[in-house]
Amino acid sequence: MSKLVLKGGSRPPWQLTVLGVANDIGESVGLLPGLACNRFPPWAVLLVGAVCCFVGYGAIWLAVSRTVPNLPYWLLWLTHCIATNSNAWFGTAVLVTNMRNFPLSRGTVAGILKGYVGLSAAVYTVIYSMVLRKSALDLVLFLAIGIPILCLALMYFVRPCTPASTEDPSERNHFLFTQAACVLLAVFLVSTTILDATTTPSNAVAYTLVAIMVVLLMSPLAVPIKMTICSVKTKKLGPRVDSTEPLASGESDSSQIEPLLTPSSSATNLGSFYENDESSDVETLLAVGEGAIHKKKRKPKRGEDFKLREAVIKADFWLLWFLYFLGVGPGITVLNNLSQIGISLGVNDTTLLLALFSFCNFVGRLGSGVISEHFVRSRMIPRSLWMMFALMLMSVAFLLYASAHTVTLYVATGLMGISYGVLYAMMVPLASEIFGLKNFGVIFNFMQLGNPIGAVLFSVLLASTLYDNEAAKQGSITCIGQECFRVTFFVLSGVAGLGSILCIILTVRLRPVYQMLYAGGSFRLPQNSGH
């Protein structure tokens with residue numbers, strides 16, 4: 001959110017770049033929210049996020065409005081971290097809760113949630129341009145007050161529920177409706193952004209467009225409203241008595257209907273996996289009870305619930321971490337420097353570039369969730385394969401950037417947005433499928449550390465340093481020409497290529513795991529340790 005208020009100002013370019021890194025650190029350092037998700041209800045985690053949002057953006061507003069003049073740079077940097085760390089609390093609470101609520105549709109859920117996150121920048125841009133009339137001060141005040149109020153109003157509705165143990169056709173229809181609403185919102189936002197960039201809409205038109213945007217944003221609420229109405233009607237009709245209900249008590253006992261709902265955490269199901277092995281040998285159990293032998297705790301297998309300390313000693317964990325780091329690091333470098341990239345290549349108004357990146361980022365997030373979910377169910381193909389394609393696409397995009405043509409600039413930006421979105425959306429279900437949902441919040445946020453580390457290494461130490469050197473040669477603080485980022489593009493193309501190689505290795509390793517997890521066409525817990 002803070003990237004919208006970092007434009008301009010009298011600070012040196014390197015300070016603005018480091019403030020951008022503060023945003024990345026705040027958004028991605030979510031180990032505390034991950035731990036909190038296992039100990040507190042979602043509303044409590046969201047409440048902490050609301051407090052961070054109010055305190056962080058409130059302090060930024062005090063600095064920008066000169067209410068507190070001459071705020072030290074280190075304190076401004078810290079307030080950016082606190083402000084954007086609210087995203088980690090918001091995102092972790094919502095993502096972890098919904099992944100546990102819908103464990104059979106992880107790719108779809110991740111695609112939808114990450115898709116809406118990808119559209120959030122465009123939503124704030126519309127509010128900034130059409131409601132706040134491009135007032136950065138009012139935007140910061142909206143973030144400091146408006147977002148916490150929205151969170152307090154809606155946080156009660158983010159809560160865990162007992163997920164279905166089998167496929168539910170109505171659930172699939174609800175997901176399709178939400179995806180359609182998300183796509184419609186994305187098209188509307190791109191159209192509105194282009195309209196605002198090319199014309200000057202009147203107040204009436206602007207407010208009408210914003211109202212339509214709000215309606216599209218709220219349209220997924222039709223699903224729970226419809227389910228609530230149907231549930232009330234069902235209760236009024238009373239329970240239906242099946243005419244074939246058995247009369248004899250013995251028959252009734254033998255045909256007792258099993259509950260369709262099971263607890264959300266996969267940990268509750270793990271107890272029966274090895275029940276036969278533990279109960280078949282009475283003598284072994286007696287020996288354990290008498291202390292004659294010591295029974296070792298069985299280590300979790302891939303697909304079961306891992307603790308973080310158990311996950312970090314696995315090769316798959318670090319393969320996933322490094323390939324994610326080698327993808328999002330270069331991606332965040334482009335995102336942080338997209339305006340400078342455009343200006344250096346002769347595109348002074350980068351609004352369309354940003355809109356193109358945002359839309360393609362959304363397409364990558366939502367599309368990869370849908371496609372990967374289809375192929376993981378029908379062909380048992382690991383989701384890491386789509387991350388491999390995304391990294392290859394990213395490598396090509398950097399070469400197109402290096403060619404320094406206006407047309408290839410737009411093509412490369414579109415490809416970069418798609419690949420960046422795929423990496424973000426695929427890491428979420430992939431981590432949950434390998435290491436389970438019980439400690440998913442901590443493991444997911446540990447993976448997210450690749451974002452700020454990549455921003456420091458590739459955006460600050462590489463791109464910013466080379467850019468400043470080229471600008472110094474031109475005797476200006478603004479660099480113009482293809483040499484500003486050429487070396488950076490070639491290096492990042494190689495980095496993305498290396499990440500695709502790691503993806504191939506991880507895909508080969510995970511193929512038997514996915515064959516076991518999705519053997520029945522839907523996610524199921526492992527039944528043996530033969531992997």
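Predicted model: local features only at pLDDT ≥ 70, side-chain atom pairs only at ≥ 80, totals over all residues.
First, some housekeeping. Numbering starts at 1 along each chain as its sequence is written, and side-chain values use heavy atoms, with hydrogens and water left out. Local features need pLDDT of at least 70 and side-chain atom pairs count only at pLDDT 80 or more, while totals for chains, interfaces and linings use all residues.

Now to pLDDT, the predictor's confidence in each residue, from 0 to 100. The chain averages 84, with 83% of its residues at 70 or more. Residues 2–9 stay under 50, and the model gives them 24 contacts (heavy atoms within 4.5 Å) beyond four places in sequence. Residues 240–282 are also below 50, with 40 contacts beyond near neighbours in sequence.

Next stop, Ser 384. You'll find Ser 384 in helix α16, which covers residues 384–403; helices here are DSSP runs (H or I, at least four residues), numbered from the N terminus. Ser 384 counts as buried because its relative accessibility is 0%, where buried means under 20% relative accessible area (1.4 Å probe, protein chains only). Setting aside neighbours within four places in sequence, Ser 384 touches Leu 430, Cys 503, Leu 506, Thr 507 and Leu 510.

The whole structure has 1 disulfide (a pair of cysteine sulfur atoms within 2.5 Å). Cys 479 and Cys 484 form a disulfide with their sulfurs 1.9 Å apart, and both residues are buried. The torsion about their S-S bond is about -90°, so the disulfide is left-handed. Cys 81 is buried too, because its relative accessible area is 11%.

How values were computed:
Helix = DSSP H or I, 4+ residues; strand = E, 2+ residues; numbered from the N terminus. Buried < 20%, exposed > 50% of the residue type's maximum accessible area, 1.4 Å probe, protein only.
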